[in-house]
Amino acid sequence: MKTMFALGAIAALAIAAPAAAQAPTDPQIAHIAYTAGQIDVEAGRQALRISHNQAVRAFAETMVRDHEAVNRQALALVQRLHVTPEANATSTALTAQAAAARDRLSHLTGAAFDRAYVANEIAFHRTVNGALRDTLIPNAHNAELKSLLESGLALFTEHQTHAEHMAQALR
């Protein structure tokens, strides 16, 4: 499962690769970042509906809280800058891949769900953090957007580390 989402996410981000010759614009970057945050909010809500494991539920609550907070900041920034986030192939592909992952997870219960959810979180954060570090932050032109992305990368790196430690405990 971890591999399936990671491959999907990498494929989604690779879709943007041909566009790398044409670096993503700030409105596209804002849409990709917001979409990634919303995907993790939805994944966290799914975990809260299904999991009975206290550590997994606490992690899911953190994902919902932190990603909603970053998305609120992103929306406030784009409104202040009069920028309209622009849908693009990367954000569309991320959304489709996340829906497929949620569907796969919806058929699991108990420890199998917990392990699969945490593995998905590791893969998702690894992929998104790489995209932030290697593509989105370097191509962001607006200083405030770049700063928000950098703050997000620091927070999401902590999420990835937390998920990796939790995966060890769930074995």
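Modeller: Rings of Phe, Tyr and Trp count as a pair if their centres lie within 6.5 Å. The model discussed here is predicted. In this model Phe-59, Phe-113 and Tyr-117 form one aromatic cluster.

Biologist: How many aromatic pairs does the structure hold?

Modeller: The structure holds two aromatic pairs. One of them joins Phe-59 and Tyr-117, with 6.2 Å from centre to centre and 70° between the planes.

Biologist: Why is the pair of Phe-59 and Tyr-117 called edge-to-face?

Modeller: The planes of Phe-59 and Tyr-117 stand at 70°, and planes over 60 degrees apart count as edge-to-face. The angle is past that cut-off, so the pair is edge-to-face.

Biologist: What makes this a link between distant parts of the chain?

Modeller: Phe-59 sits in helix H3 (residues 54–80) and Tyr-117 in helix H5 (residues 110–139), and the two are 58 residues apart.

Biologist: Why is the pair of Phe-113 and Tyr-117 called stacked?

Modeller: The angle between the planes of Phe-113 and Tyr-117 is 5°, and the centres are 6.0 Å apart. Planes under 30 degrees apart count as stacked, so this pair is stacked. Both residues lie in helix H5, four residues apart, which is about one turn of the helix.

Biologist: How do you know that Phe-113 and Tyr-117 are buried?

Modeller: Buried means under 20% relative accessible area. Phe-113 has 0% relative accessibility, so Phe-113 counts as buried. Tyr-117 also has 0%, so Tyr-117 counts as buried. Phe-59 is buried too.

Biologist: Why are H2 and H5 called roughly antiparallel?

Modeller: Helix H2 (residues 26–50) packs against H5 at an angle of about 170°, with the axes 11 Å apart. Angles over 145 degrees count as roughly antiparallel, so H2 is roughly antiparallel to H5.

Biologist: Which residues of H2 and H5 meet?

Modeller: On the H2 side they include Ile-32, Ala-36, Ile-39, Ala-43 and Gly-44. On the H5 side they include Phe-113, Tyr-117, Phe-124 and Val-128. By class, the contact has twelve nonpolar, four polar and three charged residues.

Biologist: Why is Gly-44 called buried?

Modeller: Gly-44, which is in helix H2, has a relative accessible area of 0%. The cut-off for buried is under 20%, so Gly-44 is buried.

Biologist: What is Gly-44 in contact with, leaving aside its neighbours within four places in sequence?

Modeller: With those neighbours left aside, Gly-44 is in contact with Ala-60, Val-64 and Tyr-117. The C-alpha atoms of Gly-44 and Ala-60 are 4.4 Å apart, although the two residues are 16 apart in sequence.

Biologist: Asn-88 has a relative accessible area of 12%; why is Asn-88 called buried?

Modeller: The value of 12% for Asn-88 is under 20%, so Asn-88 is buried. Asn-88 lies in the loop between H3 and helix H4 (89–106).

Biologist: Which residues does Asn-88 contact, leaving aside its neighbours within four places in sequence?

Modeller: Leaving those neighbours aside, Asn-88 is in contact with Gln-28, His-31 and Ile-32. From Asn-88 to Ile-32 the C-alpha separation is 7.8 Å, and the two are 56 residues apart along the chain.

Biologist: What does the secondary structure of the chain come to?

Modeller: The chain has six helices and zero strands. Of its 171 residues, 44% are buried. Among contacts between residues at least 6 apart in sequence, 82% join residues at least 24 apart.

Key
Residues are numbered from 1 along each chain as its sequence is written. This is a predicted model: local features need pLDDT of at least 70, side-chain atom pairs count only at pLDDT 80 or more; totals for chains, interfaces and linings use all residues. Side-chain values use heavy atoms; hydrogens and water are left out. Buried means under 20% relative accessible area, exposed over 50%, partly exposed in between (1.4 Å probe, protein chains only). Axes are lines fitted to C-alpha atoms, for helices over the stretch in contact, and angles run from 0 to 180 degrees between N-to-C directions. Angles under 35 degrees count as roughly parallel, over 145 as roughly antiparallel, 65 to 115 as roughly perpendicular and the rest as oblique. Contact means heavy atoms within 4.5 Å. Ala, Val, Leu, Ile, Met, Phe, Trp, Tyr, Cys and Pro count as nonpolar, Asp, Glu, Lys and Arg as charged, and the others, Gly among them, as polar.
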